[in-house]
Amino acid sequence: MSGPLVVGVDLGGTSVRAGLVDGGRLREVRSAPVRSQGSMEDVLEDLVGVLDAVMRPEVAGIGAGVPSVIDLATGTVFDVQNIPSWKEVPLRDRLERRYGRPVTVNNDANAFAAGEKYFGKARPFEHAVGLIIGTGLGAGIIANGRLYSGASCGAGEFGMLPYLDGDFEAYASGQFFERVHGASGRELAARAEAGDAAALAAFVEFGRHLGEALKVICYAVDPEIVVLGGSVSKSHRFFQAALEETFRTYAYSIARERLRIEVSETEGIAILGAAALFLDAARG
């Protein structure tokens with residue numbers, strides 16, 4: 001895919017990364033630690049430090065993925081995860097004033113979905129969901145070929161929907177393994193790799209819960225493809241069969257047969273996805 005030169009920025013609670021995205025190719029990536037317990041200005045200084053390192057005169061715009069709630073109209077981020085001082089930061093305004101380029105800010109799950117649409121496995125599809133399965137369960141929605149964020153950047157929060165005695169996030173994310181089985185998903189994956197029966201059973205149980213979540217997602221937005229990302233997705237082979245078996249009870253047979261469930265293989269998806277936020281917004 002050809003296109004303008006864009007900078008993608010991925011802000012996390014421990015580090016910030018930025019890179020140039022040129023026609024779908026990621027280059028000149030820079031990263032730095034984030035002073036997560038520092039002041040708002042400390043963190044902003046860490047962020048612009050990596051941005052300064054990759055900016056070029058020909059850059060058309062900047063996209064930033066942030067783990068937070070965002071006012072899309074103003075580009076203000078609220079309550080950024082693991083950065084206590086970032087309660088309310090006018091990030092778009094600060095970056096546009098510094099760099100003189102248009103800036104698009106959205107949350108990290110939406111960045112993932114946009115990245116898969118523009119550069120990954122969702123490219124051929126008009127209706128897609130990017131589902132991040134990590135310490136939480138977050139999703140971004142592609143509808144009619146465009147990112148759909150909702151009125152308040154709250155679309156795709158399927159993990160918050162009630163399920164059993166809690167919500168889907170409690171059963172269909174990494175939280176499930178710690179809470180129910182007393183071990184991390186990474187630890188159980190290592191044990192499953194070695195053939196441990198209890199660990200393999202834990203992933204089967206997890207796959208059934210994720211299958212129930214997938215049915216809810218499909219009833220809500222009816223995608224053509226769901227792309228799985230996040231740390232737990234790397235253990236897909238251990239829960240794939242249980243996930244697919246549970247999804248067979250989805251009521252609409254045509255949609256059930258057509259739906260593709262894929263695992264992201266897009267290298268650098270966080271930065272590519274951030275850049276895709278700008279590309280999607282620039283379409284008007």
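Two strands count as paired if DSSP finds at least two bridges between them. Strand 2 and strand 3 form a hairpin with two residues between them, and Gly 23 in the turn has a positive phi of about 60°.

Strand 2 (residues 15–22) is also joined by seven bridges to strand 1 (residues 5–11), again in an antiparallel arrangement. The hairpin from strand 1 to strand 2 passes through three residues, and Leu 11 stands opposite Val 16 in strand 2.

## Basis of the model

This is a predicted model, in which local features need pLDDT of at least 70 and side-chain atom pairs count only at pLDDT 80 or more, whereas totals for chains, interfaces and linings use all residues. Residues are numbered from 1 along each chain as its sequence is written, and side-chain values use heavy atoms, with hydrogens and water left out.

## Packing of helices 3 and 10

Helix 3 (residues 108–119) packs against helix 10 (residues 269–282) at an angle of about 80°, with their axes 7 Å apart; axes are lines fitted to C-alpha atoms, for helices over the stretch in contact, and angles run from 0 to 180 degrees between N-to-C directions. The two helices are therefore roughly perpendicular to each other, a term for angles of 65 to 115 degrees.

Residues in contact (heavy atoms within 4.5 Å) include Phe 112, Tyr 118 and Phe 119 of helix 3, and Leu 272, Leu 277 and Leu 279 of helix 10. By class, this contact of helix 3 with helix 10 has 11 nonpolar, three polar and two charged residues, where Ala, Val, Leu, Ile, Met, Phe, Trp, Tyr, Cys and Pro count as nonpolar, Asp, Glu, Lys and Arg as charged, and the others, Gly among them, as polar.

An open sheet of five strands has the order 11-10-9-14-15, with mixed pairing. Strand 11 (146–148) and strand 15 (260–263) stand at the edges, each with a single partner strand, so one side of each is left without a neighbour in the sheet. Neighbouring strands of this sheet are turned by 25° against each other on average, direction ignored.

Three bridges join strand 10 (residues 137–143) to strand 11, and the two run antiparallel, with Ile 142 opposite Leu 147 in strand 11. Helix 7 (residues 197–221) lies across strand 9, strand 10, strand 14 and strand 15, running at about 150° to strand 9.

Note on methods
Helices (H or I, at least four residues) and strands (E, at least two) are DSSP runs, numbered from the N terminus. Angles under 35 degrees count as roughly parallel, over 145 as roughly antiparallel, 65 to 115 as roughly perpendicular and the rest as oblique.
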